[in-house]
Amino acid sequence: MAEQVLSRPGRRSPGRADGKPGWGPGLGRSGGPGRGSSGVPDGGRDGRFLRVLRRQLGAHGFLIGAVLCFAMFSWYPMIREIIMSFQQTHRDKITRQPKTTWAGFQNYTRIIHDPTFAQAWKNTIEFSLLALLIGFAVPFLTAIILNELRHARGYLRILVYLPVMLPPASALLLFQYFYDPNFGLFDHLLRMLHLPTSQFVQSSGSALVSVTIASTWMNMGGTTLIYLAALQNIPGELYEAAELDGAGILGRVRHVTIPQTRLILSMMLMLQIVGTMQLFIEPFILTNGGAGPGNSTVSVVNLIYQYAFNLSGSSNYNSASALGVLLMLVLGVFSAGYLWLSRDRD
C-alpha cells in the first residue's frame, strides 16, 4: 500500500500516486523554485523589479517628452516675453551692436498712451460679443437641426464640417471675393433681389460684422459636431416625458436640451471667448493688413503684429511683448474667474 501523507487543506501532497510532483512550500506548480505555471523562470524579485522598471521608464519617457515640448514651445516663450516686456533694445553708438537694458514699465506706458490701444481693445471686445451672438448660437442651432433629421445625416455632417478642412487663408480669400463690391457674389445676389448693395469690409460700419460672419463660417463645423455628440448622449426618455407633458420643440430645447448640455455649453463658451480675443488672421486677410477702414477691425493681436514688424524705431519687439503680456493677463484672469464660478456647479 502506498504511503499516504496527510497535508493541510489547500496544499497538495508532495508525493502522489501518479508520480507527479505536488505543491510544496516555496515551490512553483511544477515543483521547481521560482517557476510560473508554464514552467518558465520568472526571475523572482529581480524579474518583477525589472518589469516594473521598464513600465515606469516607458510611462515617464512619454511624460518627459510632453513636458519638454511644452517647456520649449509654450513656457519658455511666455517667460521670455515677460522678460522682454521690461527691457529695451537699441544699438550701441560705438560698436553698432544690439544692446539690451532694463526699461521698467516704459514699454507698458508707451502702448497705453498709443491712440490705437483703446481702439484695438474696443474692436476685440465687440468682435467677441458679436461672435457670441452669431458664432455661439448658430452652431448650437445647427446641431439641434441635424439631430432632429432622420435622412442624409452623414452627408450634412460632412457639409457642415467641410469649411474646417479648408486652410484658413483659402477660406478667407474666398470670402474676400464674396465681399468684393464690384464683382463679388453677395452684392450680385443683392442686385438680383433688387436690394441695396453693401461695401462689407470696405465700410467701417459693416467691416467688423462681415469679419464675424466669415469667422463663424470657417470655425462652426468642429463646434457643431461637438454639440451634436452631446445631444446624442441625452436619453430619449426625457424627450418622451416632455412630449407627454405637452412641450413643443422649443419647450424640449429649453427644458431638456439646454440643461442636459449645460456643461459642454459653458466650456465651449469659455473656449470661444478666449479664441475670439486672439482675433488676427480674419481681418488681416479680409482688410489687407488688419486695420480696416478707420481702424475699424484692428485687434489687440494685430496691434502686437504692428509693433513687432510694421512700426519703425527701436524697442518694437519689447512693446509688442508688453502688449502680449497684457493680453495674457486678461485671458488668464477671465479663465480663472470662469473656473472659480463653475467649480461648485461642475
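Is Glu 243 buried, partly exposed or exposed? I looked it up: Glu 243 is partly exposed, at 48% relative accessibility. (Buried is under 20% relative accessible area, exposed over 50%, partly exposed in between, with a 1.4 Å probe and protein chains only.)

I am working on a predicted model, where local features need pLDDT of at least 70, side-chain atom pairs count only at pLDDT 80 or more, and totals for chains, interfaces and linings use all residues. Residues are numbered from 1 along each chain as its sequence is written, and side-chain values use heavy atoms, leaving out hydrogens and water.

Salt bridges. I found 2 in the structure. (The cut-off is a side-chain nitrogen of Lys or Arg within 4 Å of a carboxyl oxygen of Asp or Glu.) Glu 243 pairs with Arg 252 at 3.8 Å, N to O. Arg 252 is buried, at 16%. Lys 122 pairs with Glu 126, with the closest N and O atoms 2.8 Å apart. Both lie in helix H3 (residues 115-148), 4 residues apart, about one turn. Lys 122 is partly exposed at 42%, and Glu 126 is partly exposed at 32%.

Helix packing. I checked H4 (residues 153-165) against H7 (residues 207-232): the angle is about 140 degrees, and the axes are 5 Å apart. H4 is therefore oblique to H7. (Under 35 degrees counts as roughly parallel, over 145 as roughly antiparallel, 65 to 115 as roughly perpendicular, the rest as oblique.) Helices here are DSSP runs of H or I, at least four residues, numbered from the N terminus.

Met 78 is partly exposed, with a relative accessible area of 35%.

How values were computed
Axes are lines fitted to C-alpha atoms, for helices over the stretch in contact, and angles run from 0 to 180 degrees between N-to-C directions. Helices (H or I, at least four residues) and strands (E, at least two) are DSSP runs, numbered from the N terminus.
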